[in-house]
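Please find below a short note for a colleague who is new to this structure.

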Amino acid sequence: MKRIRVLVVDDSPTSRLLLVEILRADDEIEVVGQAADGFQAVEMVKRLRPDIVTMDVQMPRLDGFGATKRIMVEAPTPILITTSVDPRALSVSLEAVRMGALAVQAKPGDPRAPGFDEEASELVRQVKAMSQVKVVRHYEREPARVPAAHASSAAALHDVPAEVVAIAASTGGPAALHRILTTLPADFPVPILVVQHMSRGFGPGFAGWLDKASPLRVKLAEDREALRPGTVYVAVDDHHLCLSPSRRIHLSTAPAVGGFRPSGTVLFESVATAFGRGAVAVILTGMGRDGVDGLHAIRRAGGRTVAESEATAVIYGMPAAAVQAGLADFILPLDEVCAALAGLPVGSVSRPVGSVSRKELNR
């Protein structure tokens, strides 16, 4: 059996040794090299041709962002960012994802601490899964814009009286959400609810990263708060993101669904109940099938469903499952998802607020 060849990149000898020991404990993985900074990482990727790189972000000489950017241009290789929950490190990590890294994974902590075995197992699982992803060479690109050529796809949802957008994403989701939320206009007329699978503790940094980049207000969801147009509500750790019958946010500790809490399926079912035909559900890149069962509820309520196409999905798992189940009304590449959402007509509960940015009004 061919083993997965891994290059471990981390400037801390202690962290690097721990990662190597965790990975080498699995019979399907071979650690082929260790690098202490970004320059070493780039050189070793070219020389060793690993199947995947685990990449720290805060390193001397060349950090994980810079190394990822160079690797994806010079020798495209699957990269899994490994980092702490420190806000600055997470921000750099998420920027590295925009440059082509596949996902961000929390570094396992103290081996003596409760939960270490689970953290180590999740790292191994992610390394195995990400090593199978086919990556492409990245080039410098202009900031995201909705191309005029996508006008036809932008019209795809124009018969929908939208009152809310719900989005579910997993692996590859941060970069996809960044692209969507930086493309939508500041006066976007409806609220957006987001379930993004990620390591515990990353939520505040993730929401802050998106808020800084987007003209919309992006925040962590709070229990019982009312929805506002032009605001993006991100699911919090270990709680389902739901809506009450009065259309207020409800953070639920109900059991995980399909192994996930928060779950895209629970979000979609809740939105379908609260908004009916005014709901638009979007399922983006990710492993597995979370969210797919919830699309049944959106459909039954008369809402519309969108799946990201294989052309742009980093992992064509969740969207593929939606398509295979016949639950995707529209199958669109990411730029066309942006265009379609930007052109949504306003439902009865949302009203234009004038020329002032809702991000400023909602502060």
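**Note on the structure**

1. A search of the whole structure finds zero disulfides, a disulfide being a pair of cysteine sulfur atoms within 2.5 Å. Cys242 is buried, at a relative accessible area of 9%, and Cys338 is buried as well, at 1%. Buried means under 20% relative accessible area, with a 1.4 Å probe and protein chains only.

2. The model is predicted: local features need pLDDT of at least 70, side-chain atom pairs count only at pLDDT 80 or more, and totals for chains, interfaces and linings use all residues. Residues are numbered from 1 along each chain as its sequence is written, and side-chain values use heavy atoms, leaving out hydrogens and water.

3. The largest nonpolar core has 61 residues, and Met55, Val165 and Ile192 have the most contacts inside it. Such a core is a set of buried Ala, Val, Leu, Ile, Met, Phe, Trp, Tyr and Cys residues joined through side-chain atoms within 4.5 Å. Helix H4 (residues 87-98) supplies the largest share of this core, six residues; helices are DSSP runs of H or I, at least four residues, numbered from the N terminus. A second, separate core of 33 residues includes Leu227, Ile249, Leu267 and Ile298.

4. Leaving aside neighbours within four places in sequence, Met55 is in contact (heavy atoms within 4.5 Å) with residues including Val9, Ala41, Ile71 and Leu80.

5. Helices H1 (residues 13-24) and H5 (residues 116-130) pack at about 75°, with their axes 10 Å apart. Axes are lines fitted to C-alpha atoms over the stretch in contact, and angles run from 0 to 180 degrees between N-to-C directions. H1 and H5 are therefore roughly perpendicular, a term for angles of 65 to 115 degrees. Among the residues making the contact are Leu18 of H1 and Phe116 of H5.

Notes: Helix = DSSP H or I, 4+ residues; strand = E, 2+ residues; numbered from the N terminus. Parallel < 35°, antiparallel > 145°, perpendicular 65-115°, else oblique. Buried < 20%, exposed > 50% of the residue type's maximum accessible area, 1.4 Å probe, protein only.
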